[in-house]
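Work through the exercises below with the model open.

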Amino acid sequence: MTRLFNDPTEFADEMIDGFVAANADKVRRVAGGVVRSTRTPDGTVALVIGGGSGHYPAFGGIVGQGLAHGAAMGNLFASPSAQQVESVATAANRGGGVLLSYGNYAGDVLHFTQAEQKLNAAGIPTRTVVVTDDISSAPVSEKHKRRGIAGDVTVFKAAAAAAEEGYSLDEVVRVAALANERTRSVGVAFSGCTLPGADAPLFSVPEGRMAVGMGIHGEPGIDETDVPTADELATLFVDALLAELPDGIHSPEGHRVGVILNGLGSVKYEELFVVYRHVAALLDRAGLEVVDPEVGELVTSFDMAGASLTLFWLDDELERFWRAPADTPAYRKGSVGAVQQLDPSEVMAAEAVVIPEADDASKRAAGFVARAIEAIERVVDDNADELGRIDAVAGDGDHGIGMQRGARAASAAASEALALGAGAKTLLELAASAWANKAGGTSGALWGVALSAVGEALGDEGSPSAATVSTGVAAAVDGIMSFGKAEVGDKTMVDALVPFRDTLAREVDGNATLADAWRSAADAATAAAAATADLLPRMGRARPHAEKSLGTVDAGAYSFGLIVHAIADTLVDETA
């Protein structure tokens, strides 16, 4: 369990502040994460990594000479927002372009992809290599669907070393993609992890049993066995990884591998060394030459008791990069050259928020929107624990706290915008940005898209009609479905969104008031959310554990139903 924290919703930010204070010679704080505090030569490709917090040393702990140039750091087990990634990448950019690299999780893909588009549009050449090393998360025929676990480190290390040698962006991308293709990992867990403020772990493993196929976000394993001896676990790891060789390698005999035996949070180093003793023997027996093995904690899952094994199949170039020196807060190898600290005056100041002009009618509409967002904050706060419980059935259990962070941030941004005289569009855009930035994760990205789309329809002039609101909702649904790629029946928020949109449009077209039309649409959304209990998930982290979610509603659809009903109550109060 987690014992030391203040406000659980502020844990990640406070952790980053403390991490930077302890490692100011290597990293500095920027909006969204950290970058090197040491000088990087102009023209160098910048490697920007990232993901949710709770995985230390990943991701901030491996920023420094010989490794990443910056890390976008989201909230606990939640992807950083597109704004965070863009901010970190802009700060890390030295004119040679940016490579974004991260584990293959839906929320990370959404946010990093959005950031990549924005960076390229801003004139910063940006590319992406997603890490897909976990063999348990999808079959070899669907390698592109696999998630990234401790193999993140081999891909990051190779790409960073290539950048240090002066490789071009295209060449760094080539190296990173090759490293990913030649990396395989498998993990296990003996107990779940508990987030700050939670009174129970995200999942549990029966006493005396071991979950096989663990991710790094608390996702349940795909198999379960009795707890093995250390040698039996080593055998399980090695057998699983040698059963799937990278393309072009037909036998282990005579090949070189980098090895990571990774602790997931609560397994002691001494235990890992006992396991590695037999791992080393088995790899030697298979005819493999081990190069610079790493035994310890590199990519953790908060306080999870578990471990993973990674094999990095080397060629001459990759071996050179694997052996290359690095000096970061949590990962050191060899000896790097002397480096110069950046002058604090070089750190760019954040731009002040500019509020566009709005007429009085739109300012009044903005007042209602702000009150509606306050209602969202209240209903999410009241139901955060239940949303987390629902999400933990087959996911990672962070939906409640993620929605709570997003709704609180959106409400605060809306209140500030209202005080500055914002119209409805501007207020919603600022609330959307705050929600996505603070919540992270897939839901953060999707709610950011939704609020922005509604704001675009409402505009900063005039009083929005019921038809205008309906048009904005339709645009929000289209944006979410385009961005998230989900369809009705996939067991996502879309299953509640579509009937809400359709009912609202039908009622408005029939001349119902906005309050009446919204109430009918909210009822339809709630009924549709309840019906998701009968569906099997076809997208997201719950997909590998689809059967476990049968009989439980989708957390995103359920929270959407709660939110639109809270807004319906606000509409009634406004018209009473």
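**Exercise 1. Count the aromatic pairs and classify two of them.**

Solution. Start with the rule: rings of Phe, Tyr and Trp (its six-membered ring) pair if their centres lie within 6.5 Å; planes under 30 degrees apart count as stacked, over 60 as edge-to-face and the rest as tilted. The count comes to 10 aromatic pairs.

Before going on, note the source. This is a predicted model, in which local features need pLDDT of at least 70, side-chain atom pairs count only at pLDDT 80 or more, and totals for chains, interfaces and linings use all residues. Residues are numbered from 1 along each chain as its sequence is written, and side-chain values use heavy atoms, with hydrogens and water left out.

Step 1: take Y102 and F112. Their ring centres are 4.1 Å apart and their planes are at 20°, so the pair is stacked. Y102 belongs to strand β5 and F112 to helix α3 (residues 106-121), 10 residues apart. Helices (H or I, at least four residues) and strands (E, at least two) are DSSP runs, numbered from the N terminus. Both Y102 and F112 are buried, where buried means under 20% relative accessible area, exposed over 50%, and partly exposed in between (1.4 Å probe, protein chains only).

Step 2: take Y167 and F321. Here the centres are 5.6 Å apart and the planes at 80°, so the pair is edge-to-face. Y167 lies in the loop between α4 (152-164) and α5 (169-181), and F321 in helix α8 (residues 316-323), so the pair ties together parts that are 154 residues apart in sequence. Both Y167 and F321 are buried.

Step 3: look for a cluster. Ring pairs link W435, W447, F500, W518 and F560.

**Exercise 2. Which residue lies over the face of W322?**

Solution. Apply the criterion: NZ of Lys or CZ of Arg must be within 6 Å of the ring centre and within 35 degrees of the ring normal. K333 lies over the face of W322, at 4.2 Å from the ring centre.

**Exercise 3. Describe the cavities and their linings.**

Solution. Rolling a probe the size of a water molecule over the atoms shows where empty space is left. On a 1 Å grid over the protein atoms alone, a cavity is a set of points where a 1.4 Å probe fits but cannot get out; lining residues have an atom within 4 Å of a point. A volume is the space filled by probe spheres set on the points.

Step 1: count. There are 2 cavities of 30 Å³ or more.

Step 2: take the largest cavity. About 60 Å³ of space lies in it. Its lining includes G50, G51, G52, F59, Y102 and H217. β3 and β5 are the elements that give two or more residues to this lining. β3 gives the most, with 3 residues. By class, the lining has 4 nonpolar, 6 polar and 2 charged residues. Ala, Val, Leu, Ile, Met, Phe, Trp, Tyr, Cys and Pro count as nonpolar, Asp, Glu, Lys and Arg as charged, and the others, Gly among them, as polar.

Step 3: take the second largest cavity. Its volume is about 40 Å³. Among its lining residues are I149, M214, N262 and S308. This lining divides into 7 nonpolar, 4 polar and no charged residues.

**Exercise 4. Is N511 buried or exposed?**

Solution. At 72% relative accessibility, N511 counts as exposed. N511 has a positive phi of about 70° although it is not a glycine.

Conventions
On a 1 Å grid over the protein atoms alone, a cavity is a set of points where a 1.4 Å probe fits but cannot get out, and a pocket is an open set with protein on both sides within 12 Å along at least five of seven lines; lining residues have an atom within 4 Å of a point.
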